Amino acid sequence: MLARHIRYFQAVAEHLSFTKAAAALHVSQPALSQLVKQLEEELDTQLFDRSGRTTRLTDTGHAYLQYVRRASYELRDATRAIHDVNDLSRGSLRLAVTPTFTTYLVGPLVEAFHLRYPEITLNVREISQESIEELLQEGELDVGIAFGDVHCPDIDAIPLLDETLALIVNRGHRLAKEKSAGLQALNTESLVLLSKEFATREQIDSYCRKHSIHPKVVMEANALGAVIEIVRRTTLSTLLPARTALAQDNLVAIALEPERLTRTAVLMRRRDAYQSFAARAFTDMAVDVSAQLNA
């Protein structure tokens, strides 16, 4: 059954005249009559009483019209919804990030996105990179922000910015006034680090092994906020992006010399998956905000 048959039936029902309906539809009356007759044969019922001087709906025609009108409203609403999503006046986005980006990238990015697209519902999760890749593959996420060493071949990674990890201490720490520190200084530090489930910790451990560094890890936490709060309130130090300290009043970043621990932040999305208009807009904005942070 074609949508055109339904449209023609509704026109005749509204005008109660094949002649007037044909004029409104810009079709010939015989063509209109034929299509309505085909619809009646398809439904195996008579929709119009044509026996009198005027055309009238039969009882089944009245019943059918109610559903046709309801369907027409739904179709109009569906078309409107598509346009709403296209112009980002509605929609949703599922985002996941690894912890270290929360303090300096996610905040400005979410702020800019919400200001421009306030009707988009944003669901933000802070999880490990491994979990981000798994959820992207399963279609449970739209985009993720993590690091360049993506393990899954089905995920595309768009570079956002380069970040450098530094020794982060509070302003009362004995090294707080130093601009840089030799790598061996880490051997004398007591550290609080993110737990081993996070990519940041894996990168730190690899860096230390490469340079034969054996720092004393006295605390671990599975939340970035907990690590920052511990450093703020104790003499412990940590290894986090230097930008983390810039976002905190009581923390300072000390560069590690001579070889710095750097990595690339990327926006991840599943290759060949459908990208919603919200996801595309968020990707563009992530690139723009990252460029401003790099400037």
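**View 1. Salt bridges across the predicted model.** A search of the whole structure, which is a predicted model, finds 13 salt bridges, a salt bridge being a side-chain nitrogen of Lys or Arg within 4 Å of a carboxyl oxygen of Asp or Glu. One of them pairs D49 with R56, whose closest N and O atoms are 2.8 Å apart. Residues are numbered from 1 along each chain as its sequence is written, and side-chain values use heavy atoms, with hydrogens and water left out. In this predicted model local features need pLDDT of at least 70 and side-chain atom pairs count only at pLDDT 80 or more, whereas totals for chains, interfaces and linings use all residues.

**View 2. The salt bridge between E220 and R201.** The closest N and O atoms of E220 and R201 are 2.8 Å apart, and the pair links distant parts of the chain, with E220 in strand β9 (residues 216–221) and R201 in helix α7 (residues 199–210), 19 residues apart. Helices (H or I, at least four residues) and strands (E, at least two) are DSSP runs, numbered from the N terminus. R201 is buried, with a relative accessible area of 4%, while E220 is partly exposed at 44%; buried means under 20% relative accessible area, exposed over 50%, and partly exposed in between, with a 1.4 Å probe and protein chains only. Both residues belong to a network of salt bridges that links K196, R201, D205 and E220.

**View 3. The salt bridge between E257 and R260.** Here the closest N and O atoms lie 2.8 Å apart. E257 counts as partly exposed at 26% relative accessibility, and R260 likewise counts as partly exposed, at 44%.

View 4. E163 counts as buried because its relative accessibility is 1%. Its side chain is joined to that of R263 by a polar contact of 2.5 Å, that is, a pair of N or O atoms within 3.5 Å, of which, within protein, one must be able to donate a hydrogen and the other to accept it, and residues adjacent in sequence count only if both atoms are side-chain atoms. Beyond its neighbours within four places in sequence, E163 is in contact (heavy atoms within 4.5 Å) with residues including T100, F101, Y104, F147 and R263.

**View 5. The buried residues of helix α10 (residues 277–294) and their packing.** Among the buried residues of α10 are A278, F282, M285 and V289. The buried residues of this helix pack against β3 (92–97), α5 (102–116), β5 (143–147), β6 and β12 (261–270).

Methods. The expected span of a helix is 1.5 Å times one less than its number of residues.
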